[in-house]
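Dear colleague,

I am handing over the structure below, followed by some notes on what was found in it. Please read them with the structure open beside you.

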Amino acid sequence: EQDDDVASEAMTSAYAMLAQVQPMTWRDLQQTEGLNLSGTRRKIYLYGSVDSVNRVVSGGGDLIEIASGVNAGVWRVAQVLEQFPDWVAAACTLQNEG
């Protein structure tokens, strides 16, 4: 008899990506209006791809860690604003304010 119970575990991966951080434009803010975001928000351009928050399945967005500079911190991808084969623009919220 086979036991179908399998323990789940959190899976994470980390890799370095080139990125550019910019303030959110008025149009970006309009695009994210229904997400009920609060806190510090930035638009981050990345060479690669990321996943955003999926409220239907209670999935969290990818985390982006910026090690130094004026935008240093951990940022959660709230919404993918633009997606192309080799780059993405994402609306992100700072997670470690305070």
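Which residues of β3 lie on its covered face, and which on its uncovered one? I64 and I66 form the covered face, whereas L63 and E65 form the uncovered one; strands here are DSSP runs of E with at least two residues, numbered from the N terminus.

Please note that this is a predicted model, in which local features need pLDDT of at least 70 and side-chain atom pairs count only at pLDDT 80 or more, while totals for chains, interfaces and linings use all residues. Residues are numbered from 1 along each chain as its sequence is written, and side-chain values use heavy atoms, with hydrogens and water left out.

The largest nonpolar core has 11 residues, including I64, I66 and L46; such a core is a set of buried Ala, Val, Leu, Ile, Met, Phe, Trp, Tyr and Cys residues joined through side-chain atoms within 4.5 Å, where buried means under 20% relative accessible area, exposed over 50% and partly exposed in between (1.4 Å probe, protein chains only). Two or more residues come from each of β2, β3, β4 and β5, and β5 gives the most, with four.

Strands β3 and β4 run antiparallel and are joined by four bridges (strands pair if DSSP finds at least two bridges between them), with E65 opposite V74 in β4. In their hairpin, which has six residues between the strands, G69 takes a positive phi near 100°.

With best wishes
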